[in-house]
Amino acid sequence: MISFENYKKHAKTLIYLGFPIVLGQLAQMSMNFVDTVVAGKAGTAQMAGVSIGGSLWTPLLVCGQGLLIPIGPLVAQGIGAGKNVSLNRFWRQGVWIALASAIFFMLIFTLASHLFLQTTKIEKEMAIVASNYLYYIKWGMPAFLLFFVCRFFIEAKSYTRPAMMAGFIGLFANIPLNYIFVFGYFGMPKLGGAGCGLATAIVCWIMLSVMLYNIHKNSPRTLKIDKPKMIVIKRISKLGFPIAIALLLEVSSFTLISLLISPLGKTTVSGHQVAMTTSSLIFMLPLSLGTATSILVGKSLGAGNLNHAKEIRQTSVIISMHIAIICLTALILFREQIANIYSNDPLVITLASSIMVYTALYQIPDNIQMSVLSALRGYNDTKAIFVISFISYWITSVPIGYILCYTDLIIQPIGVYGFWIGLILGLSCSCLLVNIRIRHLEALSLEQIKAKISR
């Protein structure tokens, strides 16, 4: 086990690197919070429609992000090995992956926008809002994926402030833009909840502009665009595809839950959305710590220092446990006050407050699995991440949640709460499996690790 002195040293490094990432992530996720709050002020059906539309936008965005995540560990490993000269190629080829992915996802959004209008399983008003929301927000997809290319490349070099700046500039732009397009201020059309999608699309391009400006200012040569080089694209994609699918499995399980509960009515959908948005906002803390963990583990492995990589992982887990305990306590104590921020509907507030108890319960397994999973990314162990995600979310979480919500196979149906119990079990399963996997990797020899990260 790590000594207290080494823990303090590594904790200081993780916090120094991770704190700006936390602020940037919170700013980005706060945009979802703002969307939910503003749409909620426009009406329960508007918020429910944004929730349903966002349930498709989020998993596809995260899937695209997953394809690009290896840029960070690859650059970090190169820095650790002293190969700084050739690292710009990961940014330049990442641009081509981002653009190709954006075109594909935009086609899916166009199809989904049409299908929402044809469905009879969702209330008509919610379906129209969801369809229009997707129509507008899809135009931000290219910018957001290119933003991630810039972010992962810069953060691997330990420059975490540009993404923080972009996040806050985006947040401060998102708030007025939401009100302008949702309620039709300054002569703009009153779009209702769909206006949140247009506001987000504009903000995506603003955030990308901030990142490109920072890269041009600090490293203008990096912005050179090369023609596609398949050997680099294949290496990024080979590592990124399992991560993308793993993230898609995880996030789409949450998305599927949102869709499965939509027949339960707009009050249930809105209450679930309040708890889910709050959970996503809090999740930025372990996610940002995980980003820092992945970078530092990658650098340590690139330098051949296996013990240092292990101590970074152990330190990250300890910090994440402290964060989980604080968040768990706050969610239970202030759940009603949090729900009041989102909605004026007393039924939504009551339901959301009760769901947030379950949100609090999965903080510890969720935070721990995030720290360890991030360390696995530092090892380029992406296939294991995919397998663990599939088992945890699609074999455990979603089936158990559905059984508890709608059937009497185990107990009498308990509605939306059944899915939250399923989420707790799925995250606990992931926590167990990632810890088993990391212990296996940490027992490998230096030669085995070098062979693994060089593939």
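Lys and Arg count here as positive and Asp and Glu as negative, with His and the chain ends left out. On that basis the protein chain carries 34 positive and 15 negative side chains. The centres of the two sets lie 14 Å apart. Colour by charge to start. Keep in mind that this is a predicted model.

**Whole chain**

Zoom out. The protein chain has 17 helices and 0 strands. Its C-alpha atoms fill a box of roughly 60 × 50 × 35 Å along the principal axes.

The chain exposes about 18400 Å², and carbon and sulfur atoms supply 68% of that. Of the 455 residues, 60% count as buried. Now consider contacts between residues at least 6 apart in sequence: 82% of them join residues at least 24 apart.

**The core**

Hide the surface and select Leu 68, Ile 71, Met 141 and Leu 145. These residues have the most contacts inside the largest nonpolar core, which has 142 residues. Which helix gives the most to this core? Select residues 266-302: helix α10 does, with 14 residues.

Stay with Ile 71 and show its surroundings. Beyond residues up to four places away in sequence, Ile 71 touches Phe 90, Gly 94, Val 149, Phe 152, Phe 153 and Ile 236.

**Helix α3**

Select residues 71-80, which form helix α3. Is this helix mostly covered or mostly open? It is mostly covered, with 8 of its 10 residues buried. The buried residues are Ile 71, Gly 72, Pro 73, Leu 74, Val 75, Ala 76, Gln 77 and Gly 78. Step just past the end of α3 to Gly 82, where phi is positive, at about 80°.

**Val 274 in α10**

Go back to α10 and pick Val 274, which sits in this helix. Val 274 has a relative accessible area of 0%, so it is buried. Show its contacts. Leaving out residues up to four places away in sequence, Val 274 touches Met 47, Ala 339, Tyr 342, Val 348, Ala 352 and Met 356.

Val 274 and Thr 36 are 238 residues apart in sequence. Their C-alpha atoms are 7.6 Å apart in space.

**Asp 366 in α14**

Select residues 363-378, helix α14, and find Asp 366 there. Is Asp 366 buried or exposed? Its relative accessibility is 6%, under the 20% limit, so Asp 366 counts as buried.

Asp 366 and Leu 111 are 255 residues apart along the chain, and 33 Å separates their C-alpha atoms.

Move along to the loop between α14 and α15, where Asn 380 is found. Its phi is positive, at about 60°, although Asn 380 is not a glycine. Most residues other than glycine have a negative phi. Asn 380 is buried, with a relative accessible area of 7%.

Carry on into helix α15, residues 382-406, and select Ser 389. Ser 389 is also buried, with a relative accessible area of 4%. Which residues does Ser 389 contact, leaving aside its neighbours within four places in sequence? They are Ala 246, Leu 249 and Trp 394.

Select residues 161-183, helix α7, and pick Ile 175 within it. At 35% relative accessibility, Ile 175 counts as partly exposed. Draw a distance to Gly 64. Ile 175 and Gly 64 are 111 residues apart in sequence, with 25 Å between their C-alpha atoms.

Finish at Phe 186. It lies in the loop between α7 and α8, the latter being residues 194-218. Is Phe 186 buried or exposed? Its relative accessibility is 72%, over the 50% limit, so Phe 186 counts as exposed. Check the backbone too: Phe 186 has a positive phi of about 55° and is not a glycine.

Technical notes: Residues numbered from 1 in each chain as written. Predicted model: local features only at pLDDT ≥ 70, side-chain atom pairs only at ≥ 80, totals over all residues. Heavy atoms only, no water. Helix = DSSP H or I, 4+ residues; strand = E, 2+ residues; numbered from the N terminus. Buried < 20%, exposed > 50% of the residue type's maximum accessible area, 1.4 Å probe, protein only. Contact = heavy atoms within 4.5 Å. Areas by Shrake-Rupley, 256 points an atom, 1.4 Å probe, with all protein chains shown as cover. Charge placed at Lys NZ, Arg CZ, Asp CG, Glu CD. Core = buried A, V, L, I, M, F, W, Y, C linked by side-chain atoms within 4.5 Å.
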